[in-house]
Amino acid sequence: MSRIPRWRTSFALVAAGSAAMAGIAAPVQAAPPEGPGQCKTFDDPQWSGWTDHAELGKALRDIESTSAGRVRVEQVGTSKQGRELWAARVGTGDRVLMVQSAIHGNERTGTEALLGILKDLGTSRDAATERLLSSITLVALPMVNPDGGELNRRMNVVPWDQVVADYPQLAGAPTAWYHSPSGDGIDLPGFDLNRDFNPDLDYVPQPGDLPGAQTDAGFFLSPESRTIRDTYLALREEFGAVDAVVDLHHMGPCGRTTGGPQDGKLISVALDYPPLGVNDGAAYKEQYPLLDQDKSRRYALSVARGIQAAYGSQSPLAGVGRYLHPQEREYAGQGRSAFALNGSATVLFEVRGQQDDLGQKQKGMLIQSVRTGVESLIAAMASGEVDRVNGDEFFALPDYGWDTTATD
């Protein structure tokens, strides 16, 4: 059965005078019920079948070509090891959505989902797609940690002496707390890039700020994080604001929802808004008055409702819930936190399993779930539904029953 992009069913609902996410399902092939074996992970470290960096470049060029100029692809930066960092842009609307994937190199369902979305938006000529593209501008960064991706590991690859070469003022300073000499069994140093952001988007690393701590902002020490920041800044300068930033990740493989009608269901996607400590980041609001946690909850809720409406309660793809409660954690150095403090809604996707843990059936299912979630948000932004939902209803989503510690 052919797949219908989520925005087409959403716009049909709006045209009928109903809420965009009211519950008409996209006609997709139902997956088999989840059984105990469906949670299995695989010890074989192969990750063939996933788009690598070279294949991504070719795929983006092909999409740009077949779109007849509708999708524009640009190299926006270079990784520490010299690999291109690309951004693909489609749409002409005033509402701007920036979506990044694979900031952790072994978390790449988002890369595959974004390629599918860009291909469809670039080639579809139906009225719903045309209306959508006149309402939104989507900027996708499908692989922002290609050096880590080539090693199938979370971190990028940056020796500390190269950081000091880039920032001589750091000579003699302690290393940043999120820089490690090795990671994922690979004896190469690097950063957890999702700790390398600062809400002061003009920040320049200072030796007195190091090593920092988990609850502190990061230092923009890697070219990959600086490229993401610079892309955001360029969009803000062009449009005045970036409505939303979505960060696509993976989590542990076997967590289940807790509470409500989905109790005990294997999670497919867990959602989160910025983890900025107690009282919705109250400690940050004097310095960063644009922070709007309710806005982020509304955007996350729109994703959840889109996934649930598309697949129905019986499909394993509909296993969507809340990630760890943001008020239980504080990560000012994450990209979504830094951009939220600058006024954007930000949403974290946490997809079940790592790329080399998933069987082919689960891989396809979970890519589809991520794609539907992003498409649902695009549709809700274009229709304005994202502005009308009640952000407090985000808390009614089922919790994610953790099987591992948080790794976003």
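These questions and answers concern a predicted model of one protein chain.

Q: What makes up the secondary structure of the protein chain?
A: It comes to eleven helices and twelve strands.

Q: How much of the protein chain counts as buried?
A: Of its 408 residues, 61% do. The cut-off for buried is under 20% relative accessible area.

Q: What share of the accessible surface of the protein chain belongs to carbon and sulfur atoms?
A: The share is 50%, out of about 14900 Å².

Q: Which residues of H2 are buried, and what puts them on the same side?
A: His-53, Leu-56, Gly-57, Leu-60 and Ile-63 are buried. They cover an arc of only 130° around the axis, and therefore lie on the same side of H2. In general, an α-helix has 3.6 residues a turn, so residues three or four places apart point the same way.

Q: Which residues are exposed on the other side of H2?
A: They are Ala-54, Ser-65 and Thr-66. Exposed requires over 50% relative accessible area.

Q: What covers the buried residues of H2?
A: The cover includes strands E1 (72-78) and E2 (84-90). Helices H3 (109-123) and H5 (146-150) are also among the covering elements.

Q: What makes Asp-52 a cap of H2?
A: A side-chain oxygen of Asp-52 lies 3.3 Å from the backbone nitrogen of Ala-54. The cut-off for a polar contact is within 3.5 Å. Just after H2, Ala-68 takes a positive phi of about 55°.

Q: Why is Glu-107 called buried?
A: Its relative accessibility is 2%. Buried means under 20%, so Glu-107 counts as buried. Glu-107 sits in the loop between strand E3 (95-101) and H3.

Q: Why is the pair Glu-107 and His-249 called a polar contact?
A: Their side chains are joined at 3.1 Å. The limit is 3.5 Å, so this distance falls within it.

Q: Why does Ala-128 count as buried?
A: At 10% relative accessibility, Ala-128 is under the 20% cut-off, so it counts as buried. Ala-128 is found in helix H4, residues 127-135.

Q: How far apart are Ala-128 and Ala-379 in sequence and in space?
A: They are 251 residues apart in sequence. In space, their C-alpha atoms are 9.7 Å apart.

Note on methods. Residues are numbered from 1 along each chain as its sequence is written. This is a predicted model: local features need pLDDT of at least 70, side-chain atom pairs count only at pLDDT 80 or more; totals for chains, interfaces and linings use all residues. Side-chain values use heavy atoms; hydrogens and water are left out. Helices (H or I, at least four residues) and strands (E, at least two) are DSSP runs, numbered from the N terminus. Buried means under 20% relative accessible area, exposed over 50%, partly exposed in between (1.4 Å probe, protein chains only). Accessible areas come from the Shrake-Rupley method with a 1.4 Å probe; for residues, only the protein chains shown count as cover. The arc is that of the directions from the helix axis to the C-beta atoms. Contact means heavy atoms within 4.5 Å. A polar contact is a pair of N or O atoms within 3.5 Å; within protein, one must be able to donate a hydrogen and the other to accept it, and residues adjacent in sequence count only if both atoms are side-chain atoms.
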